[in-house]
Amino acid sequence: MEKDNQEIYIQRFNFRRRLVHWIHTAAFFVLLGTGIIYTTPALSHLAESGIPGTLHRIFAVVFILVPFIYLILDPKSFKELVKESLKIHRNDIGFHLRMPFYILGRTEGIPPQGKMNAGHKLHHILMGILYLFLVISGLALWFGVGFMGPPMFSLMGKTHIIAVFVIVITTLGHVYFTLVYGALPSMISGKVSSTYLKMEHRRWWDEEIAPTVKDKTSK
Amino acid sequence: MKRTIHRRSFLKQGIAACGGLLLSKNVLAEQPLALPGQSAFLFDSIRCTNCGICERTCRRVNGLPEKHNVIFMSQQAVDNPVHIITRRTCMQCLQPACVRACPTEATSLGPNGLIGYDDTKCAACGYCVDACPFQHPRMSRLAYFDLRNVWVNRCTSCGACAQACPESALFLGFRNEIISLARSRLEQVKSRYPLPDAQIYGEQDLNLIWILADHPEVYGLPPSRAAAMADESLLLWKSVVRPGILALSGLATAVLGSVYFFALRNHKKELKRLKEEGKI
Ligand code: HEM
Ligand code: SF4
Ligand code: SF4
């Protein structure tokens, strides 16, 4: 796996983990696209066919099933994801304090990050919370028709759309950092370069990857 | 051309919306509630004999499927000298929550100020069903998988029921005339029957004006302003949160989209520098 003399590539995510990521992404964007039709006056005539509403419900089922699909396909990675996301390290504070610089493409001053950086952790925790809000309000809007009455309907509608707003902003940040720091390969081929790791996930590199790499090269 | 104007006014709406709910509430309060050519229905519950002709006429004129209906008449015997007869259908709110809730304008305010419904535009989302404080619209939750064959049972304000009523208990006409008719009939009722609590219902907030033999609670009717309250709770969602969120999301995307190019340049520079320094 060598290239440019010292550049080596490390497997970061396995195939099943990437598959779950893209199922989640596909469901998310179909839900967003069909949902936006309801909120945008210039698009709302598209809802008349009834097709966006039906697609929204079909992909809502996929979205709801994502954690279960993950758990069935790759329980080990799922457990790792949950554990790592909830394990707060003191370097995480430094990461968030340097956020304005990180947004501008500068990593200097950010304390070394593990396999998951503090941003990923926040993203995953928010995803978990928003999942609950979206599923509860979405299912209420779906199956609660005729049972809610105006106050509950209004509450569920507001909950749904505010959760959508937070998830949209979170996803926007997620996609933005992926593009700025060239992180897409980790979800496509699953492999990342040692340069990328040394810059973005230094703690992971130093503590777990570098020793194994050295072992291999010394052999 | 048209679209840019639309977008601009939409953005403005979003900004105004962020400005605050209070403002929009004031605007609403200043609006004259009833339009000049405003029509209204009169339901005289004392003349009504619960014969069911209005229900049957509605079903026939509107081609409603078997077992579907949009008018539900009922009757209860009480100690009064008259029966308590209730007409459950669209109450024709002056401030209709269903119209605000509907994303496609399938439910709309017609030129006569009454509520219209166009089933070819209906997406069967069910929003109007839960928005209505009077539980008028009804639909099956399974309708979503029936694509074009959706059916929400709701009044289209066609007026056939009023035409059919053999007892002159139901009228469709201009609102001001309907109200004077209601007042003179109430006087007659009071002079004819010992009904001290007979009253007019809906004068403040409905275009279905009732003549009641007793208090509204006896008919299962909510206190007045129920409709306006339902509409105002939707106002925050539909007219403040929605456009505000849409505008903010667009803004965030635009800002990050432009910052992206600077960030990418910075990142490449840093990458080069760190490599030269031998740090990565
Ligand atoms: C998790 C399961 C979800 C369920 C069960 C669900 C269900 C619903 C339902 C029933 C509606 C009413 C409109 C309609 O008839 O289609 C709706 C509206 C909407 N949904 Fe979802 N949804 C879910 C997730 C999502 C996600 C993940 C997004 C966006 C990323 C989203 C975005 C929207 C938007 C923008 C609306 C319009 C809200 C409004 O009318 O103001 N939904 N959803
Ligand atoms: S809210 Fe209900 S009662 Fe009022 S106009 Fe709409 S459907 Fe009719
Ligand atoms: S069910 Fe039909 S009429 Fe009612 S709010 Fe939805 S689109 Fe409008």
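The briefing below covers the interface of two chains and then the surroundings of one ligand.

This is a predicted model, and the values that follow are computed from it. In the model, 48 residues of chain A are in contact with 51 residues of chain B, and the two chains bury about 4,400 Å² between them, 69% of it on carbon and sulfur atoms.

**Area and contributing residues**
- Of the area that chain A buries against chain B, 15% is supplied by Tyr38(A), Glu48(A) and Phe153(A), which is more than any other three residues supply.

**Polar and charged pairing**
- Between chain A and chain B there are 10 residue pairs in polar contact, counting pairs in which both residues are at pLDDT 80 or more.
- For salt bridges across this interface of chain A and chain B, the rule finds zero.

**Elements and composition on the chain A side**
- The helices α1 (15-39), α2 (51-73), α6 (118-143), α7 (149-180) and α9 (194-200) of chain A each supply at least two residues of the side that touches chain B.
- Among the contributors, α7(A) gives the largest share of that side, with 15 residues.
- By residue type, the side of chain A that touches chain B divides into 26 nonpolar, 14 polar and eight charged residues.

Note on methods
Residues numbered from 1 in each chain as written. Chains lettered and ligands numbered in written order. Predicted model: local features only at pLDDT ≥ 70, side-chain atom pairs only at ≥ 80, totals over all residues. Heavy atoms only, no water. Contact = heavy atoms within 4.5 Å. Buried area = accessible area lost by both parts, 1.4 Å probe. Salt bridge = Lys/Arg side-chain N within 4 Å of Asp/Glu carboxyl O. Polar contact = N/O pair within 3.5 Å; in protein donor to acceptor, adjacent residues only side chain to side chain. Helix = DSSP H or I, 4+ residues; strand = E, 2+ residues; numbered from the N terminus. Nonpolar A, V, L, I, M, F, W, Y, C, P; charged D, E, K, R; others polar.
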